There are 2 protein chains.
Amino acid sequence: MTLRLCCAWIFILLLPGLSDGGKLLVLPMDGSHWLSMRPLVEKLSERGHEVVVIVPEVSWQMRVAEAYTVKTYPVSYTLEDLNSGFSEYIAAHLKDLPFPLNTITIYNGSLHVFQLLFTQCKNLFSNKELLQYVNQSSFDALLTDPVFMCGPVLAQYFSLPHLFFMRGFPCNLHYEAPQCPSPLSYIPRLFTFNSDQMTFLQRVENALIYLLERRYCNGFYGTAVKFASEILQRDVSLIDLVDSASIWLLRYDFVFEYVRPVMPNMVFIGGINCAERKPLSKEFEAIVNASGEHGIVVFSLGSMVSEIPIKKAKEIADALGTVPQTVLWRYTGQVPPNLPKNVKLVKWLPQNDLLAHPKTRAFITHGGSHGIYEGICNAVPMVLMPLFADQMDNAKRVESRGAGLTLNILEMTTKDISTALQTVINDKKYKENIKRLSDLHLDRPIHPMDLAVHWVEFVMRHKGAPHLRPAAHDLNWIQYHSLDVFAFLLVVALLSLFISLKCCLFCCRRCFSKKGRTRKPTKSKSH
Amino acid sequence: MTLRLCCAWIFILLLPGLSDGGKLLVLPMDGSHWLSMRPLVEKLSERGHEVVVIVPEVSWQMRVAEAYTVKTYPVSYTLEDLNSGFSEYIAAHLKDLPFPLNTITIYNGSLHVFQLLFTQCKNLFSNKELLQYVNQSSFDALLTDPVFMCGPVLAQYFSLPHLFFMRGFPCNLHYEAPQCPSPLSYIPRLFTFNSDQMTFLQRVENALIYLLERRYCNGFYGTAVKFASEILQRDVSLIDLVDSASIWLLRYDFVFEYVRPVMPNMVFIGGINCAERKPLSKEFEAIVNASGEHGIVVFSLGSMVSEIPIKKAKEIADALGTVPQTVLWRYTGQVPPNLPKNVKLVKWLPQNDLLAHPKTRAFITHGGSHGIYEGICNAVPMVLMPLFADQMDNAKRVESRGAGLTLNILEMTTKDISTALQTVINDKKYKENIKRLSDLHLDRPIHPMDLAVHWVEFVMRHKGAPHLRPAAHDLNWIQYHSLDVFAFLLVVALLSLFISLKCCLFCCRRCFSKKGRTRKPTKSKSH
């Protein structure tokens, strides 16, 4: 009897899991992007969903895992191609060229990376077996990082309800596509490095970037748009490709981002990557404990950049020697000959766990959003050395909050680095400001991970979220801005004015002509 | 030893409650508005906060309660004045006058209610004892329904961080004040009764209302703005009065509201008033059970309107007799002589519990937002008879979702009512649509009550939420719309064009004059 009762209970407990479990397709992006998406994918898998992740055979970060099913497909490039493409891209940012040569070099480097990574998509769509598998698998939804556009093409090809998980597109696409207004007067465009408090000239710059940015984005995404038009057998524009996401899971939080209008289908999950602090390994624990009262400084340029030109490394090494803290530097390049005693070079470091350690005094970072959120979560003031993409804009945001100092990696001297590091460590206001940001960021009604899980499952359950799609999608540019309405009202107003004037003139003429007629006979009489 | 351990545990358990407990001042609004705010106030009190609610001595709904402290103040009007003011307001909506007389009558009725209810505020500020109490009490925050503007004046007078809890202001103030863009092309203005899919002429109407609406709002709020300027000893505008709320707790949900841009300091708590279903009293249970297979229809025109002119009541009674369902009608007026057997008149009904009953087939409502959310939460299709304020707009929203039918209370005939009621009961698509809305509405990551509690406590803990205030507040109208920037760019472009043209002309002239000079000598030579 007890056994039967137990069995019945187990069955009841299992039932909701089975009936609720859906089928989710995931098309992630490589590199650091995957690092924050992976825990979400694992969590969804844990919750009983059948999660299938499509990854290219050649990749930096994406590996076959136990937690979810991985489907790989062969690609037409090697890991060396990938590495050299990325190295060229980084090198373009480290070349100290004059304007406009620097911009052109960086643009070409970026274009190469965009095209190289979009090759994945072409390879994916030429893999008939994989396409057939997706077609036959009846997935409930697709979760994708769309920055290289393969996810949106796949979603539209299979008409799958889809969610975007990302930090943002270039050219404000992540606001333009969901029809979210972005007033140019206080929302800085990407790559302007302005804050939300702009001078007149900065606002002019912002407007100019706005007028020009679509051109560079058409360059980045030209291949993707052409390929999508072929695959989907209709003419698609860049906006068409990305405007049908049900939900935008954006790694944003307004302690870090500038406050701005948003749309109801945007879900803000900034800080989703801040993991619970885990105990340090014995090796790191020993280093941290040995640092004494001064504590440590954590230094990493992100998961993608672990070495820099030796000249820069020497300058940095000199600067690091000027602080009493022990510096843990993730660095795999040529060891600088002037490496001071307080600097420990490591090939990898448990960044979040170190930042969470009470002995950590500062964080030297490239300004990637993952690192910055870990800095905010753990309330560690930052020295930012932005390298590429959105890093300079991120760094400016931290600086504008008074929680860090930004250095120009091309121009910074040993003294600049040393001064910045000492300032964020010793000037209490940096610690106070980052503590305030941290308190605000962590004081939330629901954890970003739970929020992301909820919305992925929501889209799976309801096959999308069409009730969150604004009617603005059905209007053209003229209609959206009510230009036709105001033109009509202007015409009506002018016409009314014209008719009123005409009436007045007519009345006046009648009056004068009457007077004229009255006078004439008088005259003739007198005559 | 065990006792000491117990005591220690009790102390530890109590400590967070004591240390977290804050002091909250509440200035609510009377009538149905208070019905959805009260549970939040009770919840906050339950959570250990010292909650003080300021209410006028004369009020419809607000009573002294045990759950929180109530401070009353005498007012210069009686309950009869209040009732007669509101009756006149309702009567103005039920008079079948031609345009523009109907609009003028309704406007005057509204103006009278606004001025009568703002008298409360004058009475409050003339009560020195109460002001002194507030001044000395060091409240952490003020929670207020600001629709009659007393809350905002009080918040600014005592520089208290404050939250607004509301359904919305007239004239789009709840979007304009927090600097939220509202494109006229797909966001219908209040009182236009349009949906988010507008024809060209509806868009023209929307634009005209936009151009005119501030005038009527200046009428409604003129007294409040003048009084605020006197009290605060500086010139304040209508926007100044309401633009400094830390958080806007808006009773909105996008299954009901049209999707539109929002701001990060807006928190959407639509459906907060949907309570858990409680068992029916024996009296109601008996009526519902006796209804047989046809079930029941719930009919209420809201907490503020329980009687209507007898002519209308007769027409309605005739219509209700045409359906096989038992109709529970909340009605206190003169009993219509033609009342059919299937209609039970009651002075009060447990609306949410009845709507939650599986035997309920339809809900006849005036279209107040509370009732509509109860209809959505419990998936009951609706027949809407809007009377005043936002009710017609609410009704149109439900109708546009295919979840109900709207009747014009002035023009509806017995046949119209009967047809509408039979349609929403018998046409399955109404039940399907309201079920879909209900499923979407209830599938949320956090309950609206918990969300509201979190944000009230957030503002109390952090003394506001300045990190959610957009920089747009620091810009004037010209700057916000970048008119200065585009004018500058236009001047630069025109100047460049002019200079280029001048250069071209200069070059041409040089060319021609050279030719001329070359020719001349030739000519003279030939000559």
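**Close-ups of the cysteine pairs**

**View 1. Cys274(B) and Cys377(B) make a right-handed disulfide, because the torsion about their S-S bond is about 85°.** Here a disulfide is a pair of cysteine sulfur atoms within 2.5 Å. Cys274(B) sits in the loop between strand 7 (266–268) and helix 10 (282–290) of chain B, while Cys377(B) belongs to helix 13 (residues 369–377) of chain B, so the pair ties together parts that are 103 residues apart in sequence. (Helices, H or I with at least four residues, and strands, E with at least two, are DSSP runs, numbered from the N terminus.) The S to S distance is 2.1 Å. Cys274(B) is buried at a relative accessible area of 12%, and Cys377(B) is buried at 11%. (Buried means under 20% relative accessible area, exposed over 50%, partly exposed in between, with a 1.4 Å probe and protein chains only.)

Before you move on: this is a predicted model, where local features need pLDDT of at least 70 and side-chain atom pairs count only at pLDDT 80 or more, though totals for chains, interfaces and linings use all residues. Residues are numbered from 1 along each chain as its sequence is written, chains are lettered from A and ligands numbered from 1 in the order in which they are written, and side-chain values use heavy atoms, leaving out hydrogens and water.

**View 2. Cys121(B) is joined to Cys150(B) by a disulfide, S to S 2.2 Å.** Look for Cys121(B) in helix 4 (residues 101–125) of chain B and Cys150(B) in helix 6 (residues 150–157) of chain B; the pair therefore ties together parts that are 29 residues apart in sequence. With 85° about the S-S bond, this link is right-handed. Cys121(B) is buried, at 0% relative accessible area, and Cys150(B) is buried too, at 12%.

**View 3. Over in chain A, Cys171(A) and Cys217(A) form a disulfide with their sulfur atoms 1.7 Å apart.** Cys171(A) is in the loop between strand 5 (162–166) and helix 7 (173–176) of chain A, and Cys217(A) is in helix 8 (residues 200–232) of chain A, so parts 46 residues apart in sequence get tied together. The S-S torsion of Cys171(A) and Cys217(A) is about 105°, so this disulfide is right-handed. Cys171(A) counts as buried at 1% relative accessibility, and so does Cys217(A) at 0%.

**View 4. Cys507(A) is in no disulfide.** Its nearest cysteine sulfur, that of Cys503(A), is 6.4 Å away. Cys507(A) is partly exposed, with a relative accessible area of 44%.
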